[in-house]
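Here is a friendly walk through one protein model. Keep the structure open beside the text and look up each part as you reach it.

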Amino acid sequence: MKSKALLELLSDGQVHSGEFLAARLGVSRTAIWKQIRRAMDEGIEIATIRGRGYQLVSRVDLLDRDSVLQCLDPWRREALSLNVLDEVDSTNAEVIRQVAAGAGKMPVAIADCQTAGRGRRGRVWQSPRGENLYLSMGLTFHGGFGVLDGLSLVLGVAVANALEQLGVPEVGLKWPNDIFLPDGKLGGILVELQGELEEGVVQVIAGIGLNVHMSRAEGVDQPWSSLARTCPEIVWSRNQIAGAIIEAVLDAVPIFSDLGFGDFREPWQRRDIFMGKPLQARGGDVEGVGCGIDDNGNYQIRTADGIVPVRAGEISLRVMQ
Ligand code: BTN
């Protein structure tokens, strides 16, 4: 965002003269006026107060690396290589590049907008500027790909924990890795795997997309929700949400690495939005009622012939009308 520095100066809500803003940013007053116009074209409300200057009317939720780091335990800040970007193709792709460059520390990327946001099953993830959270973390696991069973469910539990801690009630999880609120999908998790760099060492990119301020969604073909719409009484800060999610993921990952999926089964299950619902899977070959996940993170359907486990990636579950 070209006007980010200007918006930072205006973000205190006070009236600032064009002269003051120009001096602080080292540009002309005409350049300030152009930036104000551009920001207004992007939907940000700025009042021009005759003879006095400019005042931000709408609240802007700017991303800021230091503010994210402030939300983390001090000992964790050192372990991360946090990259806060204005624009990127995909934060997952960015983390993959950081891994390839051999970052050393755990790479984490957050962006204000994505030009090629990736969703599951090759879908596009709509990533409008300034509205939502686009966050990716590079996680390293030892023991080969086999140790990753259930990881995306663990990430869902971590995101739900973070949101509940921030005051969001009724966070639901839809197998395998969607975050739901009662009125629709709030976010999704895209787990991408990199080949084994060394024997048994696997690199996972955990990409989390969460609707924060979004009020319109073009090209989204299912009911959706956002934090600002569901909890308008909370002043949402993407920096704070990012910090809470990073903390929750960093809390969950060592438990999963050491002990596996077991400890996460109950916290996942109690948020299962399919529990007790009539479901269909494998293109209609399996029909029954949702009854949670097994120890490996497969979804279970209670059918007339008994419980049938459904593996992630194989099929999608549909609620029968
Ligand atoms: C889904 O399809 O539900 C998963 C969506 C995951 C979107 C996030 S946004 C941050 C990260 N970067 C991407 O390109 N995708 C993930």
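Two strands pair if DSSP finds at least two bridges between them. Helices (H or I, at least four residues) and strands (E, at least two) are DSSP runs, numbered from the N terminus. This is a predicted model, in which local features need pLDDT of at least 70 and side-chain atom pairs count only at pLDDT 80 or more, while totals for chains, interfaces and linings use all residues. Residues are numbered from 1 along each chain as its sequence is written, and side-chain values use heavy atoms, with hydrogens and water left out.

## An open sheet

Let us begin with strand pairing. Strand E11 (residues 286-293) and strand E12 (residues 299-303) are joined by three bridges in the antiparallel sense. Across this pair, Ile293 stands opposite Tyr299 in E12. Both strands belong to an open sheet of five strands, in the order E13-E12-E11-E10-E14, with antiparallel pairing. Its edge strands, E13 (306-310) and E14 (318-319), each pair on one side only.

Gln300 is a residue of strand E12. Is Gln300 buried or exposed? Its relative accessible area is 13%, so Gln300 is buried (buried means under 20% relative accessible area, exposed over 50%, partly exposed in between, with a 1.4 Å probe and protein chains only). Leaving aside neighbours within four places in sequence, Gln300 is in contact with several residues, including Arg265, Val289, Ile293 and Pro309. Here contact means heavy atoms within 4.5 Å.

Now turn to strand E5 (residues 133-142). Eight of its ten residues are buried, so the rest of the structure largely encloses E5. On which strands does E5 find its partners? Strand E4 (residues 106-114) runs antiparallel to E5 and is joined to it by four bridges; here Ile110 stands opposite Leu135. Strand E9 (residues 201-210) is also antiparallel to E5, with ten bridges between them, and in this pair Ser136 faces Gly207.

## Around the ligand

For "binding site", an unreviewed UniProt entry lists Ser90, Thr91, Asn92, Gln114, Arg118, Gly119, Arg120 and Lys185. UniProt positions are given in the numbering used here, feature names are shortened, and annotations may be inferred rather than shown by experiment. In the model, 20 residues are around the ligand, and Ser90, Gln114, Arg118, Arg120 and Lys185 come nearest (a residue is near a molecule or strand if one of its heavy atoms lies within 4 Å of it).

The table gives some polar contacts, each a pair of N or O atoms within 3.5 Å; within protein, one must be able to donate a hydrogen and the other to accept it, and residues adjacent in sequence count only if both atoms are side-chain atoms.

| Residue | Part of the residue | Ligand atom | Distance |
|---|---|---|---|
| Thr91 | side chain | nitrogen | 3.1 Å |
| Gln114 | side chain | nitrogen | 2.9 Å |
| Arg118 | backbone | oxygen | 2.7 Å |

Thr91 has its place in helix H6 (residues 91-100), and its relative accessibility of 3% means that Thr91 counts as buried. Gln114, in strand E4, is buried as well, with a relative accessible area of 10%. The side chain of Gln114 also reaches the backbone nitrogen of Thr91, at 2.8 Å. Beyond residues up to four places away in sequence, Gln114 touches Trp125, Ser127 and Tyr134, among others.

In helix H2 (residues 18-25), Gly18, Leu21 and Ala22 are buried. Where do these buried residues fall, seen down the axis of H2? They lie within an arc of 100°, so they line one face of the helix; the arc is that of the directions from the helix axis to the C-beta atoms. Glu19, Ala23 and Arg24 are exposed on the other side of H2. The buried residues of H2 pack against helix H1 (4-10), helix H3 (29-41) and strand E2 (53-56). After H2 comes Gly26, with a positive phi near 65°.

An unreviewed UniProt entry annotates residues 18-37 as "DNA-binding region". Over residues 18-37, the chain is 85% helix and 0% strand.

Helix H10 (residues 262-269) has Phe264, Pro267 and Trp268 buried. These residues cover an arc of only 100° around the axis, which puts them on the same side of H10. What covers them includes helix H7 (151-165), helix H9 (238-259) and strands E11 and E12.
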